[in-house]
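Dear colleague,

I am passing on a structure that may be new to you, together with some notes on its disulfides. Please have it open while you read what follows.

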Amino acid sequence: MKATRALSVASSLALLYDGSLAATSGSINVLAMNVAGLPAILNDNAVPGDKATNAGLIGSKFAQYGYSVIHVQEDFNYHAYIYATDNHPYRTATSGGVPFGDGLNTLSKHDWVNFRRIEWEQCSNASGADCLTPKGFTFMRLALSGSTDNTTTVYVDFYNIHTDAGTEADDLTARQANINQVAAYISTWSSGNAVVIFGDTNSRYSRTGDTAVRSLLASGFTDAWVENQRGGVVPTVESLCSNPSTVNTCETVDKIFYRSSPLVTLKATSFRYDSTRFLQANGSILSDHNPVYADFTWSAGTSFRQSAYFGGDYGTWFSDVPTLSTKTKPKPSTLTFRGASRLDSVGLTLTDGTSLVHGGTGGTTVSLALSSTEYWVEARLCKGDKSGQTRNFYIRAATSAGRTLVAGTATADCATFVAPEGWHIVGFVGQAGDEMDELAFVYAPR
Ligand SMILES: *[C@@H]1O[C@H](CO)[C@@H](O)[C@H](O)[C@H]1NC(C)=O
Ligand SMILES: *[C@@H]1O[C@H](CO)[C@@H](O)[C@H](O)[C@H]1NC(C)=O
Ligand SMILES: *[C@@H]1O[C@H](CO)[C@@H](O)[C@H](O)[C@H]1NC(C)=O
(Lines give C-alpha, C1' and ligand atoms only; values in the text may rest on other atoms or scores of the structure.)
(Ligands and ions follow the chains in the order given, each with its own letter.)
Protein backbone atom coordinates (compact mmCIF):
# COMPACT_ATOMS: atom_id res chain seq x y z
CA MET A 1 0.00 0.00 0.00
CA LYS A 2 2.70 2.40 1.07
CA ALA A 3 4.81 1.78 -2.04
CA THR A 4 1.78 2.22 -4.31
CA ARG A 5 0.93 5.55 -2.74
CA ALA A 6 4.55 6.71 -2.97
CA LEU A 7 4.66 5.80 -6.64
CA SER A 8 1.41 7.52 -7.52
CA VAL A 9 2.46 10.66 -5.68
CA ALA A 10 5.76 10.49 -7.52
CA SER A 11 4.19 10.11 -10.95
CA SER A 12 1.72 12.91 -10.26
CA LEU A 13 4.75 15.12 -9.61
CA ALA A 14 6.19 13.86 -12.90
CA LEU A 15 9.38 12.73 -11.22
CA LEU A 16 11.74 10.43 -13.07
CA TYR A 17 13.28 7.47 -11.32
CA ASP A 18 16.36 5.42 -11.96
CA GLY A 19 16.62 1.66 -11.32
CA SER A 20 16.85 1.89 -7.53
CA LEU A 21 13.91 4.29 -7.21
CA ALA A 22 15.98 7.41 -6.67
CA ALA A 23 14.42 10.54 -8.15
CA THR A 24 16.59 12.03 -10.89
CA SER A 25 14.72 15.32 -11.03
CA GLY A 26 12.46 17.34 -8.79
CA SER A 27 11.86 20.72 -7.22
CA ILE A 28 12.51 22.44 -3.90
CA ASN A 29 11.83 25.87 -2.50
CA VAL A 30 13.98 27.93 -0.18
CA LEU A 31 13.33 30.82 2.20
CA ALA A 32 15.84 33.16 3.83
CA MET A 33 14.58 35.26 6.72
CA ASN A 34 16.36 37.58 9.11
CA VAL A 35 14.12 36.96 12.13
CA ALA A 36 15.17 40.06 14.11
CA GLY A 37 16.04 38.02 17.21
CA LEU A 38 18.44 40.40 18.96
CA PRO A 39 17.45 40.94 22.61
CA ALA A 40 14.66 43.54 22.66
CA ILE A 41 16.65 45.74 25.07
CA LEU A 42 19.51 45.94 22.52
CA ASN A 43 17.39 46.41 19.43
CA ASP A 44 13.62 46.39 18.96
CA ASN A 45 14.19 46.23 15.16
CA ALA A 46 11.23 48.65 14.87
CA VAL A 47 8.94 45.62 14.90
CA PRO A 48 5.72 46.12 16.92
CA GLY A 49 4.73 43.64 19.61
CA ASP A 50 6.52 41.19 21.84
CA LYS A 51 9.57 39.48 20.29
CA ALA A 52 8.87 36.06 21.86
CA THR A 53 5.26 36.11 20.60
CA ASN A 54 6.41 37.20 17.16
CA ALA A 55 9.07 34.44 17.07
CA GLY A 56 6.39 31.84 17.86
CA LEU A 57 4.31 33.19 14.98
CA ILE A 58 7.30 33.02 12.61
CA GLY A 59 7.84 29.34 13.52
CA SER A 60 4.17 28.50 12.97
CA LYS A 61 4.32 30.09 9.50
CA PHE A 62 7.47 28.08 8.66
CA ALA A 63 5.43 24.96 9.48
CA GLN A 64 2.22 26.13 7.77
CA TYR A 65 3.89 26.86 4.41
CA GLY A 66 6.14 23.77 4.48
CA TYR A 67 9.24 25.32 2.92
CA SER A 68 11.84 22.76 1.81
CA VAL A 69 14.84 24.57 3.34
CA ILE A 70 14.80 27.72 5.50
CA HIS A 71 17.87 29.76 6.48
CA VAL A 72 17.36 32.16 9.39
CA GLN A 73 19.68 34.96 10.47
CA GLU A 74 19.67 36.93 13.74
CA ASP A 75 18.09 33.85 15.33
CA PHE A 76 19.58 34.76 18.72
CA ASN A 77 17.52 35.16 21.86
CA TYR A 78 14.04 34.02 20.75
CA HIS A 79 15.22 30.86 18.97
CA ALA A 80 13.30 28.45 21.23
CA TYR A 81 9.98 30.16 20.36
CA ILE A 82 10.57 29.60 16.63
CA TYR A 83 11.45 25.92 17.07
CA ALA A 84 8.51 25.37 19.44
CA THR A 85 5.96 26.07 16.69
CA ASP A 86 7.93 24.92 13.61
CA ASN A 87 7.82 21.24 12.58
CA HIS A 88 10.69 20.73 10.09
CA PRO A 89 12.29 17.31 10.73
CA TYR A 90 15.92 18.45 10.29
CA ARG A 91 17.07 21.55 12.19
CA THR A 92 20.44 22.83 13.39
CA ALA A 93 21.00 23.27 17.14
CA THR A 94 21.33 26.90 18.18
CA SER A 95 24.82 28.27 18.78
CA GLY A 96 23.37 30.57 21.45
CA GLY A 97 22.09 34.08 21.99
CA VAL A 98 24.13 37.29 21.90
CA PRO A 99 27.15 37.42 22.55
CA PHE A 100 27.82 33.69 22.02
CA GLY A 101 25.94 32.68 18.87
CA ASP A 102 26.16 33.52 15.17
CA GLY A 103 22.36 33.75 14.82
CA LEU A 104 22.33 31.26 11.92
CA ASN A 105 20.11 28.18 11.72
CA THR A 106 18.70 25.84 9.08
CA LEU A 107 15.24 24.24 9.17
CA SER A 108 14.86 21.57 6.48
CA LYS A 109 12.80 18.73 5.10
CA HIS A 110 16.06 17.20 3.85
CA ASP A 111 18.86 15.63 5.87
CA TRP A 112 22.48 16.69 5.43
CA VAL A 113 26.07 15.76 6.30
CA ASN A 114 29.14 17.82 7.24
CA PHE A 115 27.44 20.78 9.00
CA ARG A 116 29.83 23.51 10.13
CA ARG A 117 29.75 27.04 11.54
CA ILE A 118 32.57 29.30 10.39
CA GLU A 119 33.23 32.66 12.03
CA TRP A 120 34.19 35.73 10.00
CA GLU A 121 37.87 36.62 10.14
CA GLN A 122 36.99 40.32 9.92
CA CYS A 123 34.25 42.47 11.49
CA SER A 124 33.64 46.18 11.75
CA ASN A 125 32.40 48.19 14.72
CA ALA A 126 31.80 51.22 12.50
CA SER A 127 28.04 50.66 12.41
CA GLY A 128 25.79 47.74 13.19
CA ALA A 129 27.89 46.50 16.16
CA ASP A 130 28.93 43.44 14.14
CA CYS A 131 31.81 42.52 16.48
CA LEU A 132 29.36 42.12 19.39
CA THR A 133 28.76 38.44 18.58
CA PRO A 134 30.65 35.90 16.40
CA LYS A 135 28.82 36.27 13.08
CA GLY A 136 29.78 34.18 10.06
CA PHE A 137 28.38 31.53 7.77
CA THR A 138 27.29 27.89 7.92
CA PHE A 139 27.95 25.04 5.52
CA MET A 140 26.26 21.67 4.94
CA ARG A 141 25.97 19.06 2.19
CA LEU A 142 22.22 18.68 1.88
CA ALA A 143 20.78 15.49 0.33
CA LEU A 144 18.03 16.58 -2.09
CA SER A 145 17.18 13.01 -3.02
CA GLY A 146 18.58 9.52 -2.81
CA SER A 147 17.80 5.86 -3.33
CA THR A 148 16.89 4.03 -0.11
CA ASP A 149 20.04 1.87 -0.41
CA ASN A 150 22.23 5.04 -0.68
CA THR A 151 23.65 3.84 -4.00
CA THR A 152 22.82 7.21 -5.58
CA THR A 153 22.32 10.51 -3.75
CA VAL A 154 21.96 14.05 -5.06
CA TYR A 155 23.77 16.55 -2.83
CA VAL A 156 23.88 20.33 -2.97
CA ASP A 157 26.16 22.38 -0.68
CA PHE A 158 24.06 24.92 1.25
CA TYR A 159 25.57 28.10 2.74
CA ASN A 160 23.72 30.41 5.16
CA ILE A 161 25.43 33.79 5.48
CA HIS A 162 25.11 36.99 7.49
CA THR A 163 27.79 39.46 6.49
CA ASP A 164 28.90 42.69 8.16
CA ALA A 165 26.26 45.43 8.28
CA GLY A 166 26.57 49.17 7.70
CA THR A 167 27.71 51.52 4.97
CA GLU A 168 30.77 53.23 6.45
CA ALA A 169 34.14 52.53 4.83
CA ASP A 170 35.15 49.97 7.48
CA ASP A 171 31.82 48.16 7.03
CA LEU A 172 32.26 47.89 3.27
CA THR A 173 35.81 46.58 3.74
CA ALA A 174 34.70 44.00 6.33
CA ARG A 175 31.76 42.91 4.17
CA GLN A 176 33.94 42.36 1.10
CA ALA A 177 36.38 40.38 3.30
CA ASN A 178 33.44 38.25 4.51
CA ILE A 179 32.36 37.45 0.95
CA ASN A 180 35.97 36.71 -0.04
CA GLN A 181 36.15 34.30 2.91
CA VAL A 182 33.00 32.46 1.77
CA ALA A 183 34.30 32.33 -1.82
CA ALA A 184 37.63 30.88 -0.65
CA TYR A 185 35.81 28.32 1.48
CA ILE A 186 33.64 27.32 -1.47
CA SER A 187 36.64 26.81 -3.73
CA THR A 188 38.19 24.51 -1.10
CA TRP A 189 35.18 22.66 0.29
CA SER A 190 32.66 22.75 -2.58
CA SER A 191 34.97 22.12 -5.54
CA GLY A 192 32.96 20.13 -8.09
CA ASN A 193 29.66 20.68 -6.28
CA ALA A 194 26.44 22.59 -6.85
CA VAL A 195 26.03 25.39 -4.29
CA VAL A 196 23.15 27.49 -2.97
CA ILE A 197 23.98 30.53 -0.83
CA PHE A 198 21.08 32.35 0.79
CA GLY A 199 20.90 34.72 3.69
CA ASP A 200 21.44 38.33 4.71
CA THR A 201 24.28 39.79 2.61
CA ASN A 202 23.82 43.34 3.99
CA SER A 203 24.84 44.37 0.47
CA ARG A 204 23.05 46.02 -2.45
CA TYR A 205 24.15 46.15 -6.08
CA SER A 206 23.00 49.75 -6.41
CA ARG A 207 25.03 51.14 -3.49
CA THR A 208 28.23 52.89 -4.55
CA GLY A 209 31.34 51.18 -3.18
CA ASP A 210 29.34 48.16 -1.97
CA THR A 211 31.09 45.52 -4.05
CA ALA A 212 30.36 42.42 -1.95
CA VAL A 213 27.43 40.82 -3.78
CA ARG A 214 28.69 41.84 -7.21
CA SER A 215 31.87 39.85 -6.53
CA LEU A 216 29.75 36.73 -5.98
CA LEU A 217 28.28 37.12 -9.48
CA ALA A 218 31.83 37.48 -10.81
CA SER A 219 32.79 34.14 -9.23
CA GLY A 220 30.16 32.22 -11.21
CA PHE A 221 26.98 32.50 -9.15
CA THR A 222 23.51 33.44 -10.40
CA ASP A 223 21.28 35.68 -8.26
CA ALA A 224 17.73 34.26 -8.30
CA TRP A 225 16.25 37.79 -7.93
CA VAL A 226 18.30 39.30 -10.78
CA GLU A 227 17.44 36.29 -12.94
CA ASN A 228 13.70 36.12 -12.24
CA GLN A 229 12.70 39.69 -11.38
CA ARG A 230 15.24 41.89 -13.19
CA GLY A 231 15.56 40.15 -16.53
CA GLY A 232 19.14 39.15 -15.79
CA VAL A 233 20.26 42.79 -15.54
CA VAL A 234 22.14 43.80 -12.37
CA PRO A 235 20.60 47.08 -11.12
CA THR A 236 22.67 50.22 -10.74
CA VAL A 237 19.85 52.49 -9.56
CA GLU A 238 18.59 52.08 -6.00
CA SER A 239 15.03 50.75 -5.59
CA LEU A 240 14.36 50.20 -1.89
CA CYS A 241 11.59 47.85 -0.72
CA SER A 242 8.85 48.75 1.71
CA ASN A 243 8.02 46.18 4.41
CA PRO A 244 5.88 44.27 3.75
CA SER A 245 6.95 44.62 0.15
CA THR A 246 4.15 44.57 -2.40
CA VAL A 247 6.50 44.35 -5.39
CA ASN A 248 9.30 41.90 -6.19
CA THR A 249 11.46 44.13 -8.38
CA CYS A 250 12.75 46.34 -5.52
CA GLU A 251 16.06 45.37 -3.89
CA THR A 252 16.79 44.15 -0.37
CA VAL A 253 20.02 42.88 1.18
CA ASP A 254 18.57 39.39 1.63
CA LYS A 255 19.57 37.33 -1.40
CA ILE A 256 19.70 33.88 -2.99
CA PHE A 257 22.63 32.74 -5.17
CA TYR A 258 23.32 29.41 -6.82
CA ARG A 259 25.46 27.42 -9.23
CA SER A 260 25.13 23.96 -10.80
CA SER A 261 27.70 21.16 -11.11
CA PRO A 262 28.20 18.19 -13.43
CA LEU A 263 26.44 16.14 -10.71
CA VAL A 264 23.26 18.24 -10.55
CA THR A 265 21.74 21.07 -12.57
CA LEU A 266 19.89 23.74 -10.56
CA LYS A 267 17.56 26.37 -11.97
CA ALA A 268 15.77 29.08 -9.98
CA THR A 269 12.33 29.30 -11.58
CA SER A 270 10.84 32.02 -9.35
CA PHE A 271 11.79 34.65 -6.79
CA ARG A 272 9.53 36.69 -4.52
CA TYR A 273 9.38 38.52 -1.21
CA ASP A 274 7.21 36.29 0.96
CA SER A 275 6.31 39.22 3.20
CA THR A 276 2.53 38.93 3.22
CA ARG A 277 2.81 35.41 4.71
CA PHE A 278 4.76 36.78 7.68
CA LEU A 279 2.43 39.31 9.30
CA GLN A 280 0.79 39.58 12.71
CA ALA A 281 -2.99 39.11 12.88
CA ASN A 282 -3.48 42.88 12.71
CA GLY A 283 -1.20 43.26 9.69
CA SER A 284 1.96 44.42 11.50
CA ILE A 285 5.30 43.00 10.37
CA LEU A 286 7.10 40.17 12.22
CA SER A 287 10.62 41.20 11.17
CA ASP A 288 12.33 44.31 9.84
CA HIS A 289 13.44 42.21 6.83
CA ASN A 290 11.25 40.95 3.99
CA PRO A 291 11.73 37.16 3.78
CA VAL A 292 13.07 36.07 0.37
CA TYR A 293 11.71 33.00 -1.42
CA ALA A 294 12.73 31.03 -4.53
CA ASP A 295 11.56 27.89 -6.31
CA PHE A 296 14.22 25.63 -7.81
CA THR A 297 14.09 22.72 -10.19
CA TRP A 298 16.94 20.23 -10.10
CA SER A 299 18.00 17.34 -12.30
CA ALA A 300 20.69 14.74 -11.65
CA GLY A 301 23.69 14.80 -13.98
CA THR A 302 23.45 12.94 -17.28
CA SER A 303 27.24 12.37 -17.41
CA PHE A 304 28.08 12.05 -13.71
CA ARG A 305 26.28 11.01 -10.52
CA GLN A 306 27.44 10.01 -7.06
CA SER A 307 26.72 7.68 -4.16
CA ALA A 308 25.97 8.71 -0.58
CA TYR A 309 28.95 9.55 1.61
CA PHE A 310 30.27 6.88 3.97
CA GLY A 311 32.68 7.43 6.88
CA GLY A 312 33.33 10.36 9.21
CA ASP A 313 33.37 14.14 8.84
CA TYR A 314 37.15 14.60 9.08
CA GLY A 315 39.96 15.30 6.64
CA THR A 316 40.08 17.67 3.67
CA TRP A 317 37.66 17.76 0.74
CA PHE A 318 38.57 16.25 -2.62
CA SER A 319 36.52 15.71 -5.76
CA ASP A 320 37.44 14.01 -9.03
CA VAL A 321 34.42 15.63 -10.71
CA PRO A 322 36.29 18.71 -12.09
CA THR A 323 38.92 16.42 -13.70
CA LEU A 324 36.42 13.81 -14.88
CA SER A 325 34.12 16.41 -16.42
CA THR A 326 36.83 17.39 -18.92
CA LYS A 327 36.82 13.83 -20.32
CA THR A 328 34.53 11.95 -22.69
CA LYS A 329 33.53 8.49 -21.46
CA PRO A 330 36.24 8.17 -18.76
CA LYS A 331 37.05 4.52 -17.92
CA PRO A 332 39.38 3.14 -15.24
CA SER A 333 42.08 0.79 -16.52
CA THR A 334 43.64 0.09 -13.10
CA LEU A 335 42.32 0.28 -9.53
CA THR A 336 44.92 0.87 -6.79
CA PHE A 337 44.18 0.86 -3.05
CA ARG A 338 46.36 1.02 0.06
CA GLY A 339 45.32 -0.52 3.36
CA ALA A 340 46.29 -2.46 6.46
CA SER A 341 44.32 -2.27 9.72
CA ARG A 342 42.38 0.60 8.06
CA LEU A 343 41.97 2.04 4.55
CA ASP A 344 44.87 4.36 3.71
CA SER A 345 44.08 5.42 0.15
CA VAL A 346 41.92 4.79 -2.90
CA GLY A 347 42.96 5.45 -6.47
CA LEU A 348 42.49 4.58 -10.09
CA THR A 349 44.12 5.25 -13.43
CA LEU A 350 41.96 6.15 -16.41
CA THR A 351 42.61 4.70 -19.86
CA ASP A 352 44.11 8.07 -20.91
CA GLY A 353 46.72 7.75 -18.13
CA THR A 354 45.13 10.23 -15.70
CA SER A 355 45.73 9.13 -12.13
CA LEU A 356 43.16 9.91 -9.40
CA VAL A 357 44.55 9.11 -5.91
CA HIS A 358 43.32 10.20 -2.45
CA GLY A 359 44.49 9.50 1.09
CA GLY A 360 47.86 8.71 2.65
CA THR A 361 50.89 6.56 1.91
CA GLY A 362 50.60 3.98 4.71
CA GLY A 363 49.51 0.38 4.34
CA THR A 364 50.17 -2.06 1.53
CA THR A 365 49.40 -1.37 -2.14
CA VAL A 366 47.07 -3.68 -4.06
CA SER A 367 45.95 -3.16 -7.64
CA LEU A 368 43.80 -4.69 -10.33
CA ALA A 369 44.09 -4.08 -14.07
CA LEU A 370 40.71 -4.02 -15.84
CA SER A 371 40.29 -5.29 -19.39
CA SER A 372 38.85 -2.91 -21.99
CA THR A 373 35.42 -4.54 -21.60
CA GLU A 374 35.56 -4.80 -17.79
CA TYR A 375 33.86 -2.14 -15.62
CA TRP A 376 34.02 -1.31 -11.88
CA VAL A 377 30.36 -1.79 -10.94
CA GLU A 378 30.21 -2.27 -7.15
CA ALA A 379 32.03 -1.05 -4.04
CA ARG A 380 31.66 -2.17 -0.45
CA LEU A 381 32.97 0.03 2.37
CA CYS A 382 33.28 -0.67 6.09
CA LYS A 383 33.87 2.01 8.69
CA GLY A 384 35.09 2.00 12.27
CA ASP A 385 36.37 4.12 15.08
CA LYS A 386 39.97 5.36 15.29
CA SER A 387 40.80 7.51 18.34
CA GLY A 388 37.17 8.55 18.73
CA GLN A 389 36.74 9.47 15.04
CA THR A 390 34.89 7.49 12.39
CA ARG A 391 36.76 6.71 9.17
CA ASN A 392 36.77 4.05 6.45
CA PHE A 393 38.53 0.80 7.36
CA TYR A 394 37.89 -1.33 4.29
CA ILE A 395 37.04 -1.34 0.60
CA ARG A 396 36.11 -4.18 -1.75
CA ALA A 397 35.70 -3.33 -5.43
CA ALA A 398 33.89 -5.74 -7.75
CA THR A 399 33.99 -5.62 -11.54
CA SER A 400 31.52 -6.59 -14.25
CA ALA A 401 33.76 -9.67 -14.84
CA GLY A 402 33.20 -10.75 -11.23
CA ARG A 403 36.74 -9.99 -10.07
CA THR A 404 37.43 -8.16 -6.79
CA LEU A 405 40.10 -5.99 -5.17
CA VAL A 406 40.22 -5.66 -1.37
CA ALA A 407 42.16 -3.37 0.99
CA GLY A 408 41.99 -2.69 4.74
CA THR A 409 40.11 -4.61 7.43
CA ALA A 410 36.38 -5.32 7.38
CA THR A 411 34.21 -4.23 10.32
CA ALA A 412 30.56 -4.93 11.20
CA ASP A 413 29.45 -1.49 9.92
CA CYS A 414 29.42 -1.72 6.12
CA ALA A 415 27.49 -0.54 3.05
CA THR A 416 27.48 -1.62 -0.58
CA PHE A 417 27.20 0.86 -3.46
CA VAL A 418 26.11 -0.53 -6.83
CA ALA A 419 26.48 1.57 -9.97
CA PRO A 420 23.09 2.29 -11.60
CA GLU A 421 22.23 -0.02 -14.53
CA GLY A 422 24.43 0.89 -17.51
CA TRP A 423 26.78 3.07 -15.39
CA HIS A 424 30.14 2.34 -13.70
CA ILE A 425 32.40 3.82 -11.01
CA VAL A 426 34.94 6.25 -12.47
CA GLY A 427 36.21 8.29 -9.50
CA PHE A 428 35.82 9.54 -5.95
CA VAL A 429 34.58 12.44 -3.83
CA GLY A 430 35.04 12.80 -0.09
CA GLN A 431 37.36 13.89 2.67
CA ALA A 432 40.79 12.44 3.40
CA GLY A 433 43.99 13.02 5.34
CA ASP A 434 46.48 10.27 6.07
CA GLU A 435 43.57 7.85 5.72
CA MET A 436 40.12 7.76 4.04
CA ASP A 437 37.81 9.67 6.37
CA GLU A 438 34.74 10.05 4.18
CA LEU A 439 34.17 8.54 0.75
CA ALA A 440 31.58 8.47 -2.03
CA PHE A 441 31.80 7.11 -5.57
CA VAL A 442 31.36 8.98 -8.86
CA TYR A 443 29.43 7.12 -11.57
CA ALA A 444 29.40 7.71 -15.33
CA PRO A 445 27.48 5.96 -18.12
CA ARG A 446 29.46 3.14 -19.75
C1 LIG B 1 -0.59 45.03 16.10
O2 LIG B 1 -0.37 44.35 17.32
C3 LIG B 1 0.90 44.66 17.93
C4 LIG B 1 1.10 43.71 19.11
O5 LIG B 1 -0.04 43.58 19.88
C6 LIG B 1 0.91 46.11 18.31
O7 LIG B 1 2.13 46.44 18.97
C8 LIG B 1 0.78 46.93 17.02
O9 LIG B 1 0.77 48.28 17.30
C10 LIG B 1 -0.47 46.53 16.27
N11 LIG B 1 -0.43 47.12 14.94
C12 LIG B 1 -1.45 47.78 14.41
C13 LIG B 1 -1.25 48.28 13.01
O14 LIG B 1 -2.49 47.99 15.02
C1 LIG C 1 34.98 46.15 18.37
O2 LIG C 1 34.64 46.61 19.66
C3 LIG C 1 34.90 45.64 20.69
C4 LIG C 1 34.33 46.20 22.00
O5 LIG C 1 34.79 47.49 22.23
C6 LIG C 1 36.40 45.36 20.75
O7 LIG C 1 36.66 44.41 21.74
C8 LIG C 1 36.85 44.83 19.40
O9 LIG C 1 38.25 44.64 19.39
C10 LIG C 1 36.47 45.79 18.29
N11 LIG C 1 36.78 45.15 17.03
C12 LIG C 1 37.23 45.81 15.96
C13 LIG C 1 37.55 45.01 14.75
O14 LIG C 1 37.40 47.02 15.95
C1 LIG D 1 21.77 5.34 4.15
O2 LIG D 1 22.45 6.43 4.79
C3 LIG D 1 21.80 6.89 5.96
C4 LIG D 1 22.53 8.11 6.44
O5 LIG D 1 23.88 7.84 6.65
C6 LIG D 1 21.76 5.76 6.98
O7 LIG D 1 21.09 6.19 8.15
C8 LIG D 1 21.05 4.56 6.40
O9 LIG D 1 21.12 3.48 7.29
C10 LIG D 1 21.69 4.15 5.08
N11 LIG D 1 20.92 3.09 4.46
C12 LIG D 1 21.47 1.94 4.07
C13 LIG D 1 20.55 0.95 3.43
O14 LIG D 1 22.67 1.69 4.22
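A disulfide is taken here as a pair of cysteine sulfur atoms within 2.5 Å, and please keep in mind that this is a predicted model. By that rule the count comes to three disulfides, and when the bonded cysteines of the protein chain are numbered in sequence order, the pairing reads 1-2, 3-4, 5-6.

One of these links is between C382 and C414, with an S to S distance of 2.1 Å, and with 100 degrees about the S-S bond it is right-handed. This pair connects distant parts of the chain, since C382 lies in strand β20 (residues 376-386) and C414 in strand β23 (residues 413-418), 32 residues apart. C382 has a relative accessibility of 1% and counts as buried, whereas C414, at 22%, counts as partly exposed.

Another disulfide joins C241 to C250, again with a stated S to S distance of 2.1 Å; the torsion about its S-S bond is about 100 degrees, so this disulfide is right-handed. Here C241 is partly exposed, with a relative accessible area of 21%, while C250 is buried, at 4% relative accessibility; buried means under 20%.

The remaining link is between C123 and C131, where the S to S distance is 2.2 Å, and because the torsion about the S-S bond is about 115 degrees, this disulfide is right-handed. C123 is partly exposed at 41% relative accessibility, and C131 is partly exposed too, with a relative accessible area of 32%.

Terms used. Residues numbered from 1 in each chain as written. Chains lettered and ligands numbered in written order. Predicted model: local features only at pLDDT ≥ 70, side-chain atom pairs only at ≥ 80, totals over all residues. Heavy atoms only, no water. Buried < 20%, exposed > 50% of the residue type's maximum accessible area, 1.4 Å probe, protein only. Helix = DSSP H or I, 4+ residues; strand = E, 2+ residues; numbered from the N terminus.
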